[in-house]
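I opened my notebook to look through one protein. I wanted to go from its overall build down to single residues.

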Amino acid sequence: MIMKWTADRDLDAFRKYFEDQWLFSLSFWYEGSANLSPPINNGLESLNGKIKQMYTLRNKLSLSSFLQTAERILYDWSLASVNTPFAIQTEFTNDLATRAYQWLQKLDRTKVLHVGAASYVVPSSEPKMGTSLWVQYYQSMSWNSYGEFTDWLNSARLVDFSSLTLPLFCSCKYGLKEYSCVHSLGLIMMWDHRKVPQVLGIRRGKGHPKKVKLALTKD
Ligand SMILES: [Zn+2]
């Protein structure tokens, strides 16, 4: 592409701008440059939306009212972070546990590959390549086109348990965003660290459960 632009005299100035800006100065702007990290900025957009909805009401503010508003935002958010602190551990919902268990039943365990201290590769729901080829690409990073890259990216998930504390890492979109997904929880279940969720619908025996009496009380 660069060579093609260079050959065209009218495009050459643009070629130089593009090269300086997007290849030399900001070289990691493209999808895939920070591999296995979230490719979206939903968090940022959500915050931006809240500012418009709750504070500026979509109006452009004059400098003086902007500063007042910014102060109010900082005050509110500082209080909010005290009242609602960051979660320090991941909660697995029962629904996720059920889905992880179902995922595990369908999983071909021979496709789960161990690729490093505490990293595992598991096939995705619609893989376009096997996990061993996936690992080869992961190590060589030798995709020939963007299409090849996305096919690779969507064919398997990298699950990592190396950090001693939660969150668990998984490269699927739920793992990246919510720090918990069927893949990480499913693998934990596979190793039997977390009990399989109780099957719903199993009933207790008839009648009320017996009240257990203290051992030394008289009837
Ligand atoms: Zn996952």
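My entries follow, from the whole chain to its details.

**Entry 1: ground rules**

I noted that this is a predicted model, where local features need pLDDT of at least 70, side-chain atom pairs count only at pLDDT 80 or more, and totals for chains, interfaces and linings use all residues. Residue numbers start from 1 along each chain, as its sequence is written.

**Entry 2: the overall build**

I looked up the helices and strands, which are DSSP runs numbered from the N terminus (helices: H or I, at least four residues; strands: E, at least two). The protein has 9 helices and 4 strands. Along the sequence I read the pattern α-α-α-α-α-β-β-α-α-β-β-α-α.

Next I checked burial. A residue is buried if 20 or more other C-beta atoms lie within 10 Å of its own, exposed if 12 or fewer, and partly exposed in between, with C-beta atoms placed from the backbone. Buried residues are 13% of the 219 residues in the protein.

Then I turned to contacts (C-beta atoms, placed from the backbone, within 7 Å). Of the contacts with a separation of 6 or more, 47% join residues 24 or more positions apart.

**Entry 3: α5 against α9**

At what angle do α5 and α9 pack? I found about 70 degrees for helix α5 (residues 94-106) and helix α9 (residues 182-190), with axes 8 Å apart. The axes are lines fitted to C-alpha atoms, for helices over the stretch in contact, and angles run from 0 to 180 degrees between N-to-C directions. That makes α5 roughly perpendicular to α9. The scale is this: under 35 degrees is roughly parallel, over 145 roughly antiparallel, 65 to 115 roughly perpendicular, and the rest oblique.

The crossing of α5 and α9 is right-handed.

I listed who makes the contact. From α5 come Leu96, Ala97, Arg99, Ala100, Tyr101, Trp103 and Leu104. From α9 come Val182, Leu185, Gly186, Met189 and Met190. These residues divide into 10 nonpolar, 1 polar and 1 charged. Here Ala, Val, Leu, Ile, Met, Phe, Trp, Tyr, Cys and Pro count as nonpolar, Asp, Glu, Lys and Arg as charged, and the others, Gly among them, as polar.

Met190 counts as partly exposed, with 17 C-beta neighbours inside 10 Å.

**Entry 4: the core**

Which residues have the most contacts inside the largest nonpolar core? They are Val121, Val159, Cys170 and Leu185, in a core of 20 residues. A nonpolar core is a set of buried Ala, Val, Leu, Ile, Met, Phe, Trp, Tyr and Cys residues joined through C-beta atoms within 7 Å. At least two core residues come from each of α5, β2 (119-123), α7 (146-153), β3 (156-160), β4 (169-170) and α9.

I picked out Cys170. Leaving out residues up to four places away in sequence, Cys170 touches Arg157, Val159, Gly175, Cys181, His183 and Ser184.

**Entry 5: α3 against α4**

I found α3 and α4 packed at about 110 degrees, with axes 11 Å apart. They are therefore roughly perpendicular to each other. Their crossing is right-handed. Ile51, Tyr55 and Thr56 of α3 meet Thr69, Arg72 and Ile73 of α4. This contact has 3 nonpolar, 2 polar and 1 charged residues.

**Entry 6: two positive phi values**

Most residues other than glycine have a negative phi. I looked for cases that go the other way. Arg58 has a positive phi of about 65 degrees. Arg58 sits in the loop between α3 (42-56) and α4 (63-83). Is Arg58 buried or exposed? It counts as exposed, with 7 C-beta neighbours inside 10 Å.

Met141 also has a positive phi, near 50 degrees. Its place is the loop between α6 (131-140) and α7. Met141 is exposed, with 10 other C-beta atoms within 10 Å.

Trp5 lies in helix α1 (residues 2-7). Beyond its neighbours within four places in sequence, Trp5 contacts Leu11, Asp12, Phe14 and Arg15. The C-alpha atoms of Trp5 and Arg15 are 5.9 Å apart.

Methods. A crossing is left-handed if the near helix is turned anticlockwise from the far one by less than a right angle, and right-handed if clockwise. Two residues are in contact if their C-beta atoms, placed from the backbone, lie within 7 Å.
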